[in-house]
Amino acid sequence: METLLNVNNLVTSFRTAKEKIQAVRGVSFSVDKGETLCIVGESGCGKSITTLSIMGLLPDNGEISEGSITFQGQELTKKKEEEMRRHRGNDISMIFQEPMTALNPVFTVGYQIMEPLNLHTNLGKNEKRKRAVELLNQVGLSNPEKTLKKYPHELSGGMRQRVMIAISLACNPSLLIADEPTTALDVTIQAQILDLIDDLKEKMGMGVLMVTHDMGVVAEVADRVMVMYAGNVVETGTVKEVFENPSHPYTKGLLASVPNVDEEDHSLEAIPGTLPNLNEKIAGCRFHPRCPYAMDKCRKEDPPHFRITDQQQSKCWLHEEVPSHESTHKAYS
Amino acid sequence: MVGLIANRFLQLVLLLFGISFLVFMSMHFAPGDPATIIGGPTATESDLAAIRAELGLNDPVLLQYFDYIRGVVQGDLGYSFQNNQSVSEAIATRFPQTLNLAIASMVVAILIGVPAGIISAIKQNSWFDVSSTTIALAGISIPNFWLGAMLILVFSVQLQWLPVGGLNAPFWSIEGMKQLILPAITLGTASAAMIARMSRSAMLEVIRADYIRTAKAKGVKRNAVVWIHALRNAMIPVITVIGLNFGFLLGGTIITEQVFAINGVGRLMIDAIAARDFPVVQGTVLLVATLFVVVNLLVDIIYAFIDPRISYD
C-alpha cells in the first residue's frame with residue numbers, strides 16, 4: 001500500500017514563561033492510502049498536538065523542535081506558512097471535536113462549504129454551488145438546497161458535524177484528520193458519523209487519521225491503532241493485534257476500562273493515578289508510576305520500541321525478550 | 001422587527017413622561033427663581049410678581065406640568081423665559097452643531113479604536129498591545145477640558161494650524177472641517193479608548209473560538225481569518241459601546257462645547273439651567289432622552305444584521 005503520511009521522531013514543544021516543555025516526545029507513525037489509523041490515549045497525552053503539528057496549526061507558543069513529517073513525499077516541517085496554507089482544507093483536511101462551535105455562527109452553511117472551493121479551486125460560481133449540493137448529499141443531509149441557506153444555529157449537532165465533514169471533503173483530500181469527531185454527539189449519531197467517514201474513505205481512497213479516547217470507536221473504524229501516553233507512542237499494531245493481544249500495560253489498562261456487556265462478571269478497571277504533567281521529570285519509562293508491572297529497570301531506563309510482530313510494537317521492557325502473555329494478563333483481569 | 005420598533009416606541013413614550021416629570025419637579029423645587037433672573041438686579045417686588053404671573057409660575061406645580069405636557073403632545077415645547085424664542089427653534093438652530101461634532105468624534109473614535117483594539121488582540125503582549133492599552137487607559141482618564149485646552153494651546157495658539165474655537169462654517173467646507181478637528185479629537189479620545197478596550201477583549205475571545213481554528217484548517221489566509229471570520233463575531237459588544245457613546249455625544253457635550261465655544265445643545269442646556277429657563281431645560285432633556293433611545297434602537301437593529309442568531313420576530 002502506498003504511504004501517504006510519514007511522521008518520524010516528531011517532537012513538539014511549547015514555550016512557557018519558565019521553560020520549554022515537550023508535549024510530543026519523538027512520535028513516529030505512518031498512514032497509508034485507504035487506511036484508518038486511530039491514535040488513542042487519555043486527554044493530554046499529546047494526540048491532538050500531533051495532529052495540529054501535521055496541519056501546521058500549533059498555537060503561537062508551540063513549535064516542532066525535531067523530526068520530520070512527509071506527506072506524499074514532501075517534507076511539511078520545512079514548508080513556509082503560505083505553502084502549508086495551500087495544503088490545508090485542500091489535500092489535507094481536518095474535522096474537529098465540537099460540531100456545536102466549530103462552524104462560524106455568522107455565515108451560512110453554503111458560504112462555509114464553498115469557502116475551501118474559493119480558496120483552492122478555480123470553479124465558477126454555479127459549479128461551486130453544484131459541488132456544495134453534491135457534498136451535502138454525500139454526507140446524507142436531506143434537502144441540500146435549503147441547508148445551504150441555513151445558519152449553523154438552525155442545525156442539530158449531528159447535522160453540523162455532517163456539514164463539517166462536507167467542508168473537509170470539499171476539495172477531495174487525500175488525508176482526513178479527524179480529532180474526536182464523535183465525542184460530542186449522541187451514541188446513535190456517533191455510529192452514523194463513523195459509518196459515513198468509513199464509507200467516504202472507501203469511496204475516495206483517503207487515508208484517515210482519527211484521534212479518539214474511545215476504544216469503541218477504534219474497534220469500529222480503525223485498521224491500525226497507535227496508543228499514546230504522556231507524549232510517547234507506547235504501542236502500535238493492527239486493531240486485531242492490539243485488541244486481542246495488548247502488549248503494553250497501558251493498553252491493557254485502557255481496554256480493561258471499557259465496559260463489556262457480553263461478559264456478565266466483567267468489572268471495570270480504572271488505571272490508577274493520573275497522567276503526569278508535561279513538565280514533570282520522570283526517570284525511566286513515563287508510565288512506570290502507574291504501571292502494575294513496574295520493575296527496577298523501568299524506573300531507570302526509558303524503554304525503546306520492541307517489535308512483537310510484523311506490525312505490532314511495544315515500548316515496554318516486558319518485551320525485551322520474547323514475552324510470555326500468560327503472566328502479563330493477570331494484573332488487570 | 002416591527003414589534004421591536006413598536007415596543008421601543010412605547011417604552012420611549014413612558015420614559016419621556018417619567019423624565020419630563022422628574023426634570024420639571026426638580027427644576028421647580030430647586031432654589032433660584034426665574035423671575036429674579038429675568039427681571040435683573042433692579043427689579044422691584046411688583047415687577048417680579050408681574051413676571052411670575054406672566055410665566056404662569058403662580059399656578060400649582062402639577063397644573064403647570066399638565067399644561068406643559070399638553071403642549072408637548074401637540075408638538076409645542078414652549079417658549080424660552082429669556083428671549084421668548086420657541087424652544088423647538090432654539091434646539092433646531094443648535095442641534096446641527098452638536099450632530100456634526102458627535103458624528104466627527106465618533107468617526108475619530110471608530111477609526112482609531114477598532115483597528116487599535118484588533119491589532120492589540122492579534123498581537124497580544126507585543127509592544128503595540130502594551131502601548132495601545134496604556135494609551136487607552138490614559139485616553140479614558142484624561143479630562144476633556146484639559147485635553148481640549150492643550151490641543152488649542154499647541155495647534156491653535158503655538159502652531160496656528162487650526163482655529164481656536166467656533167463651529168459656524170458648513171461642515172463640508174475646508175473651514176468647517178478645520179473647526180471640527182480639535183473638538184472631534186478631544187471628544188473622540190475617550191470613546192476611542194473605550195472602543196479599543198472593548199474591541200481588544202472581544203477579539204481576544206473570538207480568535208480562540210473553535211470556528212477560527214476551523215477557518216485556519218480550511219486554508220483561509222491569516223488576514224482573512226481576522227477580518228472576515230473573527231471581526232463580525234467580535235463586533236457585537238463593540239457596537240454596543242459605540243451606540244452608548246454616540247448616544248452620550250448626541251446629548252451635547254457641555255465641556256467640549258464650552259472649551260471650543262461651540263453653540264451646541266450642551267451649551268444651550270447649561271445656559272438654560274443657569275438662567276432657570278425651565279422650558280428650554282425641559283426641551284433639551286427630552287431631546288437627549290429621545291436620541292438616546294433611538295440610537296439604542298438602531299444598535300439593536302444592527303445586531304440583527306450582524307448576527308443571524310438574533311431575531312426579534
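**Exercise 1. The make-up of chain B**

How many helices and how many strands are there in chain B?

*Solution.* Start with the model itself. This is a predicted model, in which local features need pLDDT of at least 70, side-chain atom pairs count only at pLDDT 80 or more, and totals for chains, interfaces and linings use all residues. Residues are numbered from 1 along each chain as its sequence is written, while chains are lettered from A and ligands numbered from 1 in the order in which they are written.

Step 1. Helices (H or I, at least four residues) and strands (E, at least two) are DSSP runs, numbered from the N terminus.

Step 2. Count. Chain B has 13 helices and 0 strands. Read from the N terminus, its elements run α-α-α-α-α-α-α-α-α-α-α-α-α.

Step 3. Along the principal axes, the C-alpha atoms of chain B fill a box of roughly 85 × 55 × 35 Å.

Step 4. Of the 313 residues in chain B, 36% are buried (20 or more other C-beta atoms within 10 Å of the residue's own, with C-beta atoms placed from the backbone).

**Exercise 2. Two helices that pack**

Describe how helix 1 and helix 13 of chain B pack.

*Solution.* Step 1. Locate them. Helix 1 of chain B covers residues 2–29, and helix 13 of chain B covers residues 278–306.

Step 1. Take the geometry. The angle is about 155° and the axes are 9 Å apart. Axes are lines fitted to C-alpha atoms, for helices over the stretch in contact, and angles run from 0 to 180 degrees between N-to-C directions.

Step 2. Classify the angle. Helix 1 of chain B is therefore roughly antiparallel to helix 13 of chain B, a label for angles over 145 degrees.

Step 3. Name residues. Those in helix 1 of chain B that meet helix 13 of chain B include Leu4(B), Leu12(B), Ile19(B) and Met27(B). On the helix 13 side, Phe278(B), Val285(B), Leu297(B) and Asp300(B) are among them. Contact here requires C-beta atoms, placed from the backbone, to lie within 7 Å.

Step 4. Sort by class. This contact has 16 nonpolar, 4 polar and 2 charged residues. Ala, Val, Leu, Ile, Met, Phe, Trp, Tyr, Cys and Pro count as nonpolar, Asp, Glu, Lys and Arg as charged, and the others, Gly among them, as polar.

**Exercise 3. The domains**

Which domains does the assignment give for each chain?

*Solution.* Step 1. Take chain A. Its domain 1 is 3–222 and its domain 2 is 248–332. The bounds come from an automatic or database domain assignment.

Step 1. Relate the two. Their C-alpha centres lie 30 Å apart in chain A. The contact takes 10 residues from domain 1 of chain A and 6 residues from domain 2 of chain A. Strand 2 (20–32) of chain A gives the largest share of the domain 1 side, 3 residues.

Step 2. Take chain B. Its domain 1 is 2–87 and its domain 2 is 92–277 + 300–306. The centres of these two, over C-alpha atoms, are separated by 34 Å. In chain B, 8 residues of domain 1 are in contact with 4 residues of domain 2.

**Exercise 4. Where the chains meet**

How many residues of chain B are in contact with chain A?

*Solution.* Step 1. Count both sides. 19 residues of chain B are in contact with 24 residues of chain A.

Step 1. Find the elements. Helix 9 (210–218) and helix 10 (222–250) of chain B each supply at least two residues of the chain B side. Helix 9 of chain B gives the most, with 8 residues.

Step 2. Sort by class. The side of chain B that touches chain A has 7 nonpolar, 4 polar and 8 charged residues.

How values were computed:
Two residues are in contact if their C-beta atoms, placed from the backbone, lie within 7 Å. Angles under 35 degrees count as roughly parallel, over 145 as roughly antiparallel, 65 to 115 as roughly perpendicular and the rest as oblique. A residue is buried if 20 or more other C-beta atoms lie within 10 Å of its own, exposed if 12 or fewer, and partly exposed in between; C-beta atoms are placed from the backbone.
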